[in-house]
Amino acid sequence: MSSVSETADVVICGGAAIGSSVAYHLAAEPGFSGKVLVIEKDPTYRYSASALSAASIRQQFSSAVNIRISLFGIDFLRNIGRHLSVDGEVPAIDLHEGGYLYLAGEEGQKILEANQRLQQQEGADIALYAADMLRSKFPWLNTSDLACGTFGVSGEGWFDGWALLQAFRKKARSLGIEYRQGEVARYLTENGRITGVELADGSRIACGSVVNASGTHGAKLAATAGVSIPVKSMKRYVFTFTCKGDVGNCPLLIDTAGAWCRPEGQRTAEGQLFIGSCSPLTPEQDVEWVETDPAAEDVDWPFFEEAVWAPLAHRIPAFEEIRPGRAWAGPYDMCGLDHNAIVGPAVGVPNLYLANGFSGHGLQQSPAVGRGIAEHIAHGSYRSLDLADLGHERIVAGRPLAEANII
């Protein structure tokens, strides 16, 4: 066995959006001056969820903690130059506040109404529209089987996720954070605490705290410290298609059947480009993502025709005539308990910080989660926003944090 070769105050396992946000916030945290080392196995981020996601942000959640996280997130993105500029250069993340539009029939009306009341109480700018108002605001929408919809008037939309990831990395490095290519194979423990990490090449690094931000490998890595988290790597598709019909001012729309779409870029002579897919199935129904298997990148086109195009064409008749474009598959680290992230100190291993199972929310939650974990490492508790509702304790207790708005 190799001996310890170096020491860091904090080792962050995974350098995508979550890990790099933690790194940046630690470097910027007043009173913290420790050495932070980010270990990332693939600096190209080819397989990372950060690079392959649809990169959007919303406040339309049914739990207060998620709403508050995204309210901080949209403020962070709006003011990204204040946070992540380097040498006067402001990152260009192309934030577009086009809104989310959740739709419901009679059976889902009460859920949307209750969610919207909570969202407004928390300060989110979410409007509730009856079917006639939906027809007026979105004339291209088929409302024949709708009762209502909720729309993010401001504070919701989409952005360049790759640019945000790179901005976090660049700013963290400018503040002295060290990034290193490597794969953390296991944690080293003693008396219920992490003492270091061992890399795949056998080298060891001693540390005071460690952050598990390793995405689809999070559960496997946590298990090396005796910590169990119900996170499974799932396969997700994103499809592109072009529509010549008039679907102007389209938000990110979530249909009652679970299919979703949003515009991408500006309209051209060929029409408007859209991206879309379908809300996640249960882990038992889905396909596991395996990064070492080339087939993991294969796209299931029948899935597009049946689960995406068919319901979207019903909801937006102009979509009956489209031209399919490219598509891609990507990883989705699903929390099997409740589709919510697992954030904060691990039960039984207090200097192991978990940031796993984001279930598609990782990019939009990266600013607040990075800040929260940095605060907890530096001060022993959350200072700005209490993230305890997402803590590992609920996993151990089998107490789901119910979330009604899954996409």
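Predicted model: local features only at pLDDT ≥ 70, side-chain atom pairs only at ≥ 80, totals over all residues.
Just after helix 5, G123 takes a positive phi of about 100°. Residues are numbered from 1 along each chain as its sequence is written, and side-chain values use heavy atoms, with hydrogens and water left out.

Helix 5 itself covers residues 109–121, and its 13 residues should span 18 Å at 1.5 Å a residue; the end C-alpha atoms are 19 Å apart, which agrees. (The expected span is 1.5 Å times one less than the number of residues.) L112, N115, Q116 and Q119 are the buried ones to look at in helix 5, where buried means under 20% relative accessible area, exposed over 50%, and partly exposed in between, with a 1.4 Å probe and protein chains only. They sit on the same side of helix 5 because they cover an arc of only 100° around the axis, the arc being that of the directions from the helix axis to the C-beta atoms. In general, an α-helix has 3.6 residues a turn, so residues three or four places apart point the same way. K110 and Q121, on the other side of helix 5, are exposed. As for partners, the buried residues of helix 5 pack against helix 3, strand 4 (100–104), strand 5 (126–130) and strand 6 (148–152), with contact meaning heavy atoms within 4.5 Å.

## Helix 3, mostly under cover

Helix 3 passes the length check too: its 15 residues should span 21 Å at 1.5 Å a residue, and its end C-alpha atoms are 21 Å apart. It is mostly covered, with 11 of the 15 residues buried. The buried residues are A64, V65, N66, I67, I69, S70, F72, G73, I74, F76 and L77. Their cover includes helix 1, strand 3, helix 4, helix 5, helix 7 and helix 10.

## Two nonpolar cores

A nonpolar core is a set of buried Ala, Val, Leu, Ile, Met, Phe, Trp, Tyr and Cys residues joined through side-chain atoms within 4.5 Å. The largest one has 51 residues, and I12, L26, L164, V211, V343 and I373 touch the most other members. Strand 1 (4–13), helix 1 (17–28), strand 2 (36–40), helix 3 (64–78), helix 4 (80–84), helix 7 (161–174), strand 18 (349–356) and helix 10 (362–379) each supply at least two residues of this core. Another core lies apart from it, with 31 residues, among them A259, F304, A313 and A329.

Setting aside residues up to four places away in sequence, I12 touches G19, V22, A23, L26, V36, L37, V38, I39 and V211. I39 belongs to strand 2 and, at 3% relative accessibility, counts as buried. With neighbours within four places left out, its contacts include V11, I12, R180, G182, E183, V184, L199 and I205. I39 and E183 are 144 residues apart in sequence, yet 6.8 Å apart C-alpha to C-alpha.

Y45 isn't a glycine, but its phi is positive, near 55°. It lies in the loop between strand 2 and helix 2 (49–52) and counts as buried at 1% relative accessibility.

A55, also not a glycine, has a positive phi of about 50°. You'll find A55 in the loop between helix 2 and strand 3 (56–57), where it is buried, with a relative accessible area of 7%.

## The whole chain

Stepping back, the protein chain has 11 helices and 18 strands. Its radius of gyration is 21 Å, close to the 22 Å that the globule rule gives for 407 residues, so it is as compact as a globular protein of that length. (The radius is taken over C-alpha atoms; the rule is 2.2 Å times the number of residues to the power 0.38.) The C-alpha trace spans about 65 × 45 × 45 Å along its principal axes.

Of the 407 residues, 58% count as buried. Among contacts with a separation of 6 or more, 76% come from residues 24 or more positions apart. G31 lies in the loop between helix 1 and strand 2 and is exposed, at 85% relative accessibility.

Terms used:
Helix = DSSP H or I, 4+ residues; strand = E, 2+ residues; numbered from the N terminus.
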